Amino acid sequence: MLIIRCSRGDRLEEISREAAADLLSRRDANLWLHFDTPTEEELDFLKENFAIHHLTIEDIVNQNQRPKIEAFENYVYLAIHPLRREAKWEIEPSELDLLLGRGWIVSVHYGPLPGLIDNSQLHERIPAALARGADFLLYTLVDLVVDSYFPIMDDVEDEIDSLEDRLLLRAHAGDMNRLLSLKRSIVHIRRAVTPQREVLNQLTRHDFPFVRPENLVYFRDVYDHLIRIAEELDSLRDILSSVLEIHLASTSNQLNATMKRLTAYGTIFIAITAIAGIYGMNFKF
């Protein structure tokens, strides 16, 4: 599905493809083209009217790109990874492709992006962002992606803390599964954050003609957020390793306590077993 919007003051107005092509040729408006699971015909429209390279189209369709940034003659292509929560502790990265040109921006994704491009954001940040230019809308979308990491990070940290407190008292059978799920979640978050940090670093340090110098400070702010998240991930990984050691030590202590009880019971019953064995034999005296 393709939705084309242009900025009209402080609001967004949906327009047709023909109107978008006319505005693009006149270059007197900021356009935002949003593709949700695009069809081949919609991708052809993008390729023909915006001079998108066929390798970029191929990257968009394959949906297996690591976060990256590539500069072309007429646009800049970014692939970034929002995080999608499949279940409570099953966090998977998805892909959001962004193309920035002069006076236009294209966003492409397959499947839902909850909390990023939804009705609440369309009425709050995005209209004002597009009014300030396509590059500022690019910053806004990237900032929304990075901001969506923080609630997930907070939930993971709270779960690790509660799990650590519980393991200090007594380990349970399902704790190992929860530990492994949290470990996978941290790996997936790190896989999204680490290369995106390099993407934002390039965006703030290289001279891309479609990003105005006065907006670079906003991209540096997002870069700082990614550094903070990466440092927090390192801390959580260390804490999780400590929690795993606590779990193994607690399990070992429980096993040792059980063996002590069994040894004591065995010691008590040795004398009884010996007496019963001797006097239970079949002889006269």
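Start by selecting arginine 205, which is exposed, with a relative accessible area of 67%. The model you are viewing is a predicted one.

**Stop 1: arginine 205**

Arginine 205 belongs to helix α8, which covers residues 175–205. The side chains of arginine 205 and asparagine 201 make a polar contact of 2.6 Å. Now select leucine 216. Arginine 205 and leucine 216 are 11 residues apart in sequence. In space, their C-alpha atoms are 8.7 Å apart.

**Stop 2: lysine 68**

Go to strand β4, residues 68–71, where you will find lysine 68. Is lysine 68 buried or exposed? Lysine 68 has 17% relative accessibility, so it counts as buried, because the cut-off for buried is under 20%. A polar contact of 3.2 Å links its side chain to that of lysine 68. Then look beyond the neighbours within four places in sequence. There, lysine 68 is in contact with Asp59, Tyr77, Leu78, Ala79 and Val199.

**Stop 3**

**Stop 3: helix α3**

Next, select residues 54–62, which make up helix α3. Colour its buried residues: Thr56, Ile57, Asp59 and Ile60. These cover an arc of only 160° around the axis, so they sit on the same side of α3. An α-helix has 3.6 residues a turn, so residues three or four places apart point the same way.

What covers the buried residues of α3? The cover includes helix α2 (40–50) and strands β4, β5 (76–80), β8 (96–101) and β9 (104–109). Glutamine 63 takes a positive phi of about 55°.

**Stop 4: aromatic pairs**

How many aromatic pairs does the structure hold? There are seven. One of them joins phenylalanine 50 and tryptophan 104, and it is edge-to-face. Their ring centres are 4.9 Å apart, with 65° between the planes. Phenylalanine 50 is in helix α2 and tryptophan 104 is in strand β9, so this pair ties together parts 54 residues apart in sequence. Phenylalanine 50 is buried, at a relative accessible area of 4%. Tryptophan 104 is buried too, at 5%.

Now select phenylalanine 72 and tyrosine 75. Their ring centres are 4.8 Å apart and their planes are at 15°, so this pair is stacked. Check the surroundings of each ring. Phenylalanine 72 is partly exposed, with a relative accessible area of 24%. Tyrosine 75 counts as buried, at 1% relative accessibility.

**Stop 5: a ring cluster and two arginines**

Select Phe136, Tyr139, Tyr218 and Phe219 together. Ring pairs link these four into a cluster. Arginine 132 lies over the face of phenylalanine 136, at 3.9 Å from the ring centre.

Note on methods. Residues numbered from 1 in each chain as written. Predicted model: local features only at pLDDT ≥ 70, side-chain atom pairs only at ≥ 80, totals over all residues. Heavy atoms only, no water. Helix = DSSP H or I, 4+ residues; strand = E, 2+ residues; numbered from the N terminus. Buried < 20%, exposed > 50% of the residue type's maximum accessible area, 1.4 Å probe, protein only. Polar contact = N/O pair within 3.5 Å; in protein donor to acceptor, adjacent residues only side chain to side chain. Contact = heavy atoms within 4.5 Å. Arc of directions from axis to C-beta. Phe/Tyr/Trp six-rings, centres within 6.5 Å; stacked < 30°, edge-to-face > 60°. Lys NZ or Arg CZ within 6 Å of the ring centre and 35° of its normal.
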